[in-house]
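Here are my notes for you on this one. Have the sequence and the 3D view open while you read, and take the points one at a time.

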Amino acid sequence: MKITDIICYKTDGLFYVKVETDEGVSGFGESSPMRPDVLAQIMTTVVKPQVIGMDPFDGELIEERVMRKNYKISGQMLASTFSGLEIALWDLKGRYLKQRVYNLLGGLYRNRIPLYASSMSRDLTHEEEADKVRDAISRLGVKAVKIKVGPRYGTGLPVDLADDEKKVKAAREAIGPDCRLMIDGNSSYTYIQAVQLFERIKQYDIHHFEEPCPYFDIETYVKLAHTLPVPIHVGEQDWNLFTFRDFISRGACHLYAADPVKCGGLSSAKRAAALCRAFGIHYVPHNTTRGVGFAAALHLAASSPECSSYYEYNIEKSTTRERYLKEPFRVENGYIVVPEGHGLGIELDEEKMEATLDVVR
């Protein structure tokens, strides 16, 4: 079997990849859609020429041809682009073998995964945010929620720790004492600001503090992880095995979050999981897609003992990705059921994709 074509489907906030073969079997993947126009350019000019004609089962060789041979332009954009291809290859292989992807990744360890409701907004009042997470608990049955704090890295805005404290307080009062509360800084704070914020909010029983400081600053994360009595969660931007190694082995986090749609796909994510096992920390892959990438993350969790914590479930109303699923994901009493079909276990409405998305061949 040979790869004959790679097709990209894109719009703002979505980038899907389809891999076709000479035996009529195909698979879908997803890349983190920060810049779909750039991803499409990289896919067609850098990635595609390297892999057309290759056997889709030669995953390590394909990765070497794309990632190592293009090391001069390595970085998150190349890794994100490759992630879409790599996930599509797993879907394709599962469909060809009539197997679920989790069986190819190591076998079924768990078939239901606990979720936390993840609010992605920073533009709501504290009351609106509290209502939003309260509603998610009611609808989904989740026992954990996450809210954003800080202005987000790169905005140039000053932090307002007093306002962040009020937001956390409102969320805790809304969800009650038994629901777990997580906060996500998206690289908003300096080291001392992160410490000061935790001192202000520690009475609200924070389950984890995600990416409080700039994501690449390993020295700061080593200090934080050894200073704050709260689990530090980081890694969603990471794509390099050696970055995985350094954050995990140096004790810079308690929860690691390499995202399959950013880090180079499922094989790379499994390497992160193995490192987490070696150093005794939880692997909590980041993924907010609720589409193909989310299905891939679920198969990763289904096959990896290290994925033993709550999984992120985007509670925003936008259904950009879900609108192309023929059947929605099943959420039952705060757990999501791992899709059971061959490959990633989901089916996409390709007619709708062709009609409404930009198609790049």
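1. Let's begin with a pair of helices. Helix α5 passes helix α6 in a right-handed crossing, where right-handed means that the near helix is turned clockwise from the far one by less than a right angle, and left-handed means anticlockwise. By the way, helices here are DSSP runs of H or I with at least four residues, strands are runs of E with at least two, and both are numbered from the N terminus.

2. Before going on, a word on what you're looking at. This is a predicted model, in which local features need pLDDT of at least 70, side-chain atom pairs count only at pLDDT 80 or more, and totals for chains, interfaces and linings use all residues. Residues are numbered from 1 along each chain as its sequence is written, and side-chain values use heavy atoms, with hydrogens and water left out.

3. Back to that crossing. The axes of α5 (residues 126–140) and α6 (residues 161–175) come within 9 Å and cross at roughly 35°; axes are lines fitted to C-alpha atoms over the stretch in contact, and angles run from 0 to 180 degrees between N-to-C directions.

4. Who touches whom? On the α5 side you'll find His126, Glu129, Ala130, Val133, Arg134 and Ile137, and they meet Asp163, Lys166, Lys167, Ala170, Ala174 and Ile175 in α6 (contact means heavy atoms within 4.5 Å). Sorted by class, this contact has six nonpolar, one polar and five charged residues. Ala, Val, Leu, Ile, Met, Phe, Trp, Tyr, Cys and Pro count as nonpolar, Asp, Glu, Lys and Arg as charged, and the others, Gly among them, as polar.

5. What are β5's neighbours? Strand β4 (residues 112–118) runs parallel to β5, joined by two bridges, and Ser118 has Lys146 as its bridge partner. Five bridges join β5 to β6 (residues 180–184), also parallel, with Ala144 opposite Arg180. Strands pair if DSSP finds at least two bridges between them.

6. Carry on to β7 (residues 206–210). β6 and β7 pair in the parallel sense over four bridges, and Leu181 stands opposite Ile206. Four of the five residues of β7 are buried, so the strand is largely enclosed by the rest of the structure.

Key: Buried means under 20% relative accessible area, exposed over 50%, partly exposed in between (1.4 Å probe, protein chains only).
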